[in-house]
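The sequence and coordinates are shown below.

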Amino acid sequence: PVKVGVLALQGDVREHARVLTALGAEVVRVRRPDELAEVQGLVLPGGESSVVDKLSRAFGMQQPIRAAIAAGMPMYGTCAGLILLADRVADGIVGQETFGGLDITVRRNAFGSQADSFETDLAVPVLGDPSVRAVFIRAPLVIETGADVETLAALDDGRIVAVRQGPLVGTAFHPEVSGETRFHELFLNAVRSA
Ligand code: GLN
């Protein structure tokens with residue numbers, strides 16, 4: 001089986017590990033560089049991006065993750081994980097850094113307090129039918145995409161909520177909490193073909 005990691009500094013690590021295990025992958029909870037070195041792909045869970053950023057620097061993980069991205073390791077980020085894969089954050093907290101890799105700009109907490117959390121059915125052409133039940137929890141939006149970025153899903157009004165660039169996939173929503181497994185399959189396929 002493929003061996004993949006879930007970055008386990010903060011956030012919904014268990015939910016991702018459960019989906020990946022159910023899909024037949026061997027899952028490592030990654031907190032240290034030597035654990036990252038063991039895996040062929042990495043999931044960045046949802047949580048709080050500024051906290052994961054700080055912890056990743058405190059644990060000496062920022063540079064190893066950046067190096068893995070530069071080396072072409074497949075990664076999948078949900079929500080805070082999408083923010084961490086973005087090259088640019090429009091409104092990060094002071095000093096907030098990201099791993100980068102996706103040529104996008106994201107806006108954190110883009111849905112404001114009135115729609116803090118919501119669910120919707122989302123067409124994702126690359127995954128086929130049926131549509132995806134997408135759960136948004138204080139979710140970010142992709143507000144700018146570079147030329148090499150593929151939009152995988154957008155809301156009815158055109159706002160972008162899922163992207164791919166080479167082996168990197170990011171979603172503003174959380175498929176791992178609604179029983180949706182196809183984004184993780186997409187990630188595992190990228191790992192197998194990397
Ligand atoms: N609002 C969080 C952030 O900015 C993301 C929320 C989530 O991951 N569900 O990091």
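The model is predicted: local features need pLDDT of at least 70, side-chain atom pairs count only at pLDDT 80 or more, and totals for chains, interfaces and linings use all residues. Residues are numbered from 1 along each chain as its sequence is written.

## Annotated binding site

An unreviewed UniProt entry lists Gly47, Glu48, Ser49, Arg108, Ile137 and Arg138 under "binding site". These positions are spread over 92 residues of sequence, yet they cluster in space, with a largest C-alpha distance of 12.9 Å. UniProt positions follow the numbering used here, feature names are shortened, and annotations may be inferred rather than shown by experiment.

Glycine 47 sits in the loop between β3 (42-44) and α3 (49-58); helices (H or I, at least four residues) and strands (E, at least two) are DSSP runs, numbered from the N terminus. Glycine 47 counts as buried because it has 22 C-beta neighbours inside 10 Å. The classes are buried for 20 or more other C-beta atoms within 10 Å of a residue's own, exposed for 12 or fewer, and partly exposed in between, with C-beta atoms placed from the backbone. Neighbours within four places in sequence aside, glycine 47 is in contact with Gln10, Gly11, Asp12, Val52 and Ala80, contact being defined as C-beta atoms, placed from the backbone, within 7 Å. Serine 49 belongs to helix α3 and, with 29 C-beta neighbours inside 10 Å, is buried. With the same exclusion of neighbours within four places in sequence, serine 49 is in contact with Ala80, Ile83, Leu84 and Arg108.

## Annotated active site

Which positions does UniProt give as "active site"? The unreviewed entry names Cys79, His174 and Glu176. Although spread over 98 residues of sequence, they cluster in space, the largest C-alpha distance being 11.1 Å.

Cysteine 79 lies in the loop between β4 and α5 (80-85), and 28 C-beta neighbours inside 10 Å make cysteine 79 buried. Beyond neighbours within four places in sequence, the contacts of cysteine 79 are Gly46, Ile137, Ala139, Pro140, Ala172, Phe173 and His174. Histidine 174 is in the loop between β12 and α6 and is likewise buried, with 24 C-beta neighbours inside 10 Å. Outside four places in sequence, histidine 174 is in contact with Gly46, Thr78, Cys79, Val135 and Ile137.

## Helix α6

Helix α6 has twelve residues (182-193); at 1.5 Å a residue it should span 16 Å, and its end C-alpha atoms are 16 Å apart, which agrees. The expected span is 1.5 Å times one less than the number of residues. The buried residues of α6 are Phe183, His184, Phe187, Leu188, Ala190 and Val191. They lie on the same side of α6 because they cover an arc of only 155° around the axis, the arc being that of the directions from the helix axis to the C-beta atoms. An α-helix has 3.6 residues a turn, so residues three or four places apart point the same way.

Exposed Asn189, Arg192 and Ser193 are carried on the face of α6 turned away from its buried side. The cover over the buried residues of α6 includes β1 (3-7), α1 (13-22), β3, β4 (75-78) and β12 (168-171).

## Helix α4

In helix α4 (residues 62-70), Ile65, Ala68 and Ile69 are buried. Their arc around the axis is only 100°, which puts them on the same side of α4. These buried residues of α4 pack against α2 (33-36), β3, α3 and β4, whereas the face turned away from the buried side carries the exposed residues Gln63 and Ala70. Just after α4, glycine 72 adopts a positive phi of about 95°.

How values were computed. Contact = placed C-beta atoms within 7 Å.
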